[in-house]
Amino acid sequence: MSAPIPVTIVGGYLGAGKTTLVNHLLRQRGERRIAVLVNDFGELAIDADLIESRDGTLLQLAGGCVCCSFGSDLMAALQRIRELQPAPDHILLECSGVALPGAVARTLTLLKGLALDAVLVLADSETLRERAADRYVGELLKQQLREADLIALNKLDLAAPGDAQALPRWLAEAAPRARVLPCRHAQLPPALALGLGLGKTHVERERTAATPLALAGAGHGGALFTSLSLEFEHAVDTARLAAALAAPGLGLLRAKGLMRGTDGLPCSLQLVGARCVVAPSAHARPRQGRLVGIGLQGCFDAADLRAALRASSVA
Amino acid sequence: MSTTIFQARKIITMNPSRPLATHVAVRDGRVLGVGALDELGGWGPCTLDQRFADKVLMPGLVEGHSHLMEGAFWRFVYCGFFDRSDPNGRLWPGAKSLDEVIRRLSDAQAALSDPAAPVAGWGFDPIYFDNRRCVREDLDRVSATRPVGMIHASGHIINANSAALAAIGWLRSGIDHPGVPLGSDGLPTGELKGPEAMGAVAKVLGMDRAVLAGDEGALRLFSRLCVRAGVTTATDLASPLPSEAVPMLLAVTAQDRFPTRIVPLLRLTGSPAEAVERAVALQRQSTDRLRLGRIKMVADGSIQGFSARLRWPGYYNGAPNGLWYMAPEQMQQAMTLALQRGVQIHTHTNGDEATEAVLDGMEAALRAAPTPDHRFTLQHCQLADAAQFRRMKALGLCVNLFANHHFYWGDEHHRLTVGPERATRMNACATALASGVPFAIHSDAPITPLGPLFTAWCAVHRLTASNRVLGEHERIGVADALRAITLGAAYTLKLDGEIGSIECGKRADFCVLDEDPLAVPSMALRDLPVWGVVQDGRVFAAAELPTE
């Protein structure tokens, strides 16, 4: 059976920038063929220039991507996307503004062949605290944030002076499990929104914090990201490594790895925010272990990642 | 241009200028005149029809909140706790134990020749079995090989057997979903809650959404239930109304012997602007017996499912607050657009916080688009308090209250969901009346059985299944209750100029009764026999309906 298709859940209240992010990622897709699921096509779900044709509830998009509206039947839409030939490389699931993204993520376990990549929730810097105090939707909005692996703190350019510092602190309290990425115009690098690759083209030799990766799409974002790719010979105590990578102090946003575990068998590691999943890998026994991580420049120190790996190494 | 004068023992007209009469003249499907025989002679030659000489006529009853799904469900095995009549008039006794439910499903499976065919039931409600949960092993007793399942009375849960779960690949570990409880073996117990969890199994059981939304067969079955209940106009609240469904609805309702006026509301699921424009386009396709172009929105979930949005202090048992099905600001946007385009919206609210959000949204929408006589309607609106009724009045809103709910779930509301005090104010018909809010009462069929006279009984007595009077001060009189199931419901649909009373110019829609609902003891309303209906001047006797 082929590998499960990764699904990134894009959540957040109305106006937070979900649609902008989806369109941005469709433009920055690289070689990926992305299937987008939206609640409804609405007036502005997908930028017109990306649409090649429409067939009922399926839009054919540039670069072999598709977009499907799910309305009130998410399961049927997921099933349909899963059965597409050829299968898409990635699914972006844009929730409705009142959906709880954690509940949507759990729906994925009902279908075989899909795997949760990340719960990415957007927050509108300009209105965040006001909305969080709203008598009707305040609790909903805070719950959406609490369920996030990653929070894209969007529209920072529109926020009040001082909020660039204050809002991340507010979020750290309101959504302690989530990692926060500041951005503007929902311009997140695909490596952060959709995940890192381990293929040859993606693997860099070690970089240091002093040489930030020029990530596509980061140009308008304001924030700079640092990535680090390590190759190593030794086996790894993966439980220990997972715990170290997920510790908030490390400042990692995402990491991906393929390595030998203590039993010598290959396993994969995937970290998004505080959630780290280690699973047996179907890959042939890797000759070399590989680990790639990405974090916010200034928060993430490459030396810490190296130290964490060293501390988890097994002779 | 023939004229027929129907003679009756009594005609309850609901026209305050002439509340009672003995004769009604009908021409071209409309009421030509009402009064004594000698008052009607001036309309020229006529035929005197005396078949109702010992009957009582009322305006044809109007069900302001039902679903065509009631018709679709009767293709499956009835597993409910209470007695219920099917479209053929056969009374199905309630299944009083899980064993009885299993026996009924087993009988149905024994009658099937195709070994792979599923067995599906509906109307199951374990709250009457001390909440003993049904698990897949129970239904495996029906069949170990063919898919077996049943949908609950609420419509929000399905129980499935092992074969049904295996058929969709769910008899496995690794499922982690709040709607799919797992047993100690790590496998699903067979209870599937909510649309995501139910969808795939429903399809295997032949209960997928398209079927339940109402096809041609379901529409016909539904219309027979209407005749048996005295209903001449019924809503389908709501339907996705896919473009292929509209020609079918138009064709079937136009047939000579189709006995019901159907009012389907378009369910708003996506963009408010698109839905409003679709409704405008649908208005132009309306016919006498198919009234299109209204919208239904859903603000929150249900109180007994703990998914309704409640204000402080929330659920009596401490359950967390429910879910928004639409954002308050989106509802406001939809209401504003609809007011501007002359489209009517009915909004489902159950919890009082959902009601409050719609009241706020409506206030803002009316400021943006001032509209007299919009008759936007709150549907269910079960937990509204007196202040909210006063706001409804001030904003020109109507309300359609879920009177049947007390009987079926009132004891649960008292014990578990909202507690004794707030349970007494649920579906506050007397407060609606005192506040001057135009109101109707409804069944939400198939959630509870289609039967406005039963619904009227519920509003008059407010008795629960355990015989508790829940909210004695919210009881209303029989005359008010009868008005709610005729003119009251017609008013919420802006059809009160055409139906809901028997008077000159209106549709010749009558509910034909053997007994006088104003004269019998009010306890008898519940089981008042319905002879049939006259709809658009056409006579439909329940006993002579086609059966299948």
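Visitor: Where does Lys155(A) lie in chain A?
Guide: Lys155(A) is in the loop between strand S8 (150-154) and helix H6 (163-174) of chain A. Those elements are DSSP runs numbered from the N terminus (helices are H or I with at least four residues, strands are E with at least two). Before we go on, some ground rules. Residues are numbered from 1 along each chain as its sequence is written, with chains lettered from A and ligands numbered from 1 in the order in which they are written. This is a predicted model, where local features need pLDDT of at least 70 and side-chain atom pairs count only at pLDDT 80 or more, while totals for chains, interfaces and linings use all residues.

Visitor: Why is Lys155(A) called buried?
Guide: It comes down to counting C-beta atoms, placed from the backbone: a residue is buried with 20 or more others within 10 Å of its own, exposed with 12 or fewer, and partly exposed in between. Lys155(A) has 23 others within 10 Å, so it is buried. Its phi is near 60 degrees, a positive value in a residue other than glycine.

Visitor: And what makes His185(A) partly exposed?
Guide: Its count is 16 other C-beta atoms within 10 Å. You'll find His185(A) in the loop between strand S9 (179-182) and helix H7 (190-193) of chain A.

Visitor: How much of chain A counts as buried?
Guide: The figure is 47% of its 315 residues. The chain's secondary structure comes to nine helices and 16 strands.

Visitor: What makes up the largest nonpolar core, and which residues have the most contacts inside it?
Guide: A nonpolar core is a set of buried Ala, Val, Leu, Ile, Met, Phe, Trp, Tyr and Cys residues joined through C-beta atoms within 7 Å. The largest one has 277 residues, and Ile151(A) and Ala152(A) have the most contacts inside it. Setting aside neighbours within four places in sequence, the contacts of Ile151(A) include Val121(A), Leu145(A), Leu171(A) and Val180(A). A contact here means C-beta atoms, placed from the backbone, within 7 Å.

Visitor: Which part of chain A has pLDDT under 50?
Guide: Residues 200-221 of chain A, although the model has 49 contacts for them beyond four places in sequence. pLDDT is the predictor's confidence in each residue, from 0 to 100. Where it is low, the predicted coordinates should not be read in detail. Chain A averages 87, and 90% of the residues score at least 70.

Visitor: What makes chain B as compact as a globular protein of its length?
Guide: First the inventory: chain B has 18 helices and 23 strands. Its radius of gyration is 23 Å, close to the 24 Å that the globule rule gives for 548 residues, so chain B is as compact as a globular protein of that length. The radius is taken over C-alpha atoms, and the rule is 2.2 Å times the number of residues to the power 0.38. Along the principal axes, the C-alpha atoms fill a box of roughly 80 × 55 × 45 Å.

Visitor: How is chain B divided into domains?
Guide: Domain 1 covers 77-206 and domain 2 covers 211-535, with bounds from an automatic or database domain assignment. Their C-alpha centres lie 29 Å apart. The contact takes ten residues from domain 1 and eleven from domain 2.

Visitor: How many residues of chain B are in contact with chain A?
Guide: 24 residues of chain B are in contact with 22 residues of chain A. On the chain B side, helix H6 (194-204) and helix H11 (328-341) each supply at least two residues. H6(B) gives the most, with five residues. By class, that side has twelve nonpolar, eight polar and four charged residues. Ala, Val, Leu, Ile, Met, Phe, Trp, Tyr, Cys and Pro count as nonpolar, Asp, Glu, Lys and Arg as charged, and the others, Gly among them, as polar.

Visitor: Why is Leu518(B) called partly exposed?
Guide: Leu518(B) has 16 other C-beta atoms within 10 Å, in between the cut-offs, so it is partly exposed. Leu518(B) sits in the loop between strand S21 (510-513) and strand S22 (530-535) of chain B. Not counting residues up to four places away in sequence, Leu518(B) touches Ile12(B), Val478(B) and Ala479(B).

Visitor: What is the omega of the peptide bond from Ala445(B) to Pro446(B)?
Guide: Omega is near 10 degrees there, and the bond is cis. Pro446(B) is in the loop between strand S20 (439-441) and helix H17 (452-461) of chain B. In chain A, a cis peptide bond joins Gln85(A) and Pro86(A), with omega about -5 degrees.

Terms used
Contact = placed C-beta atoms within 7 Å.
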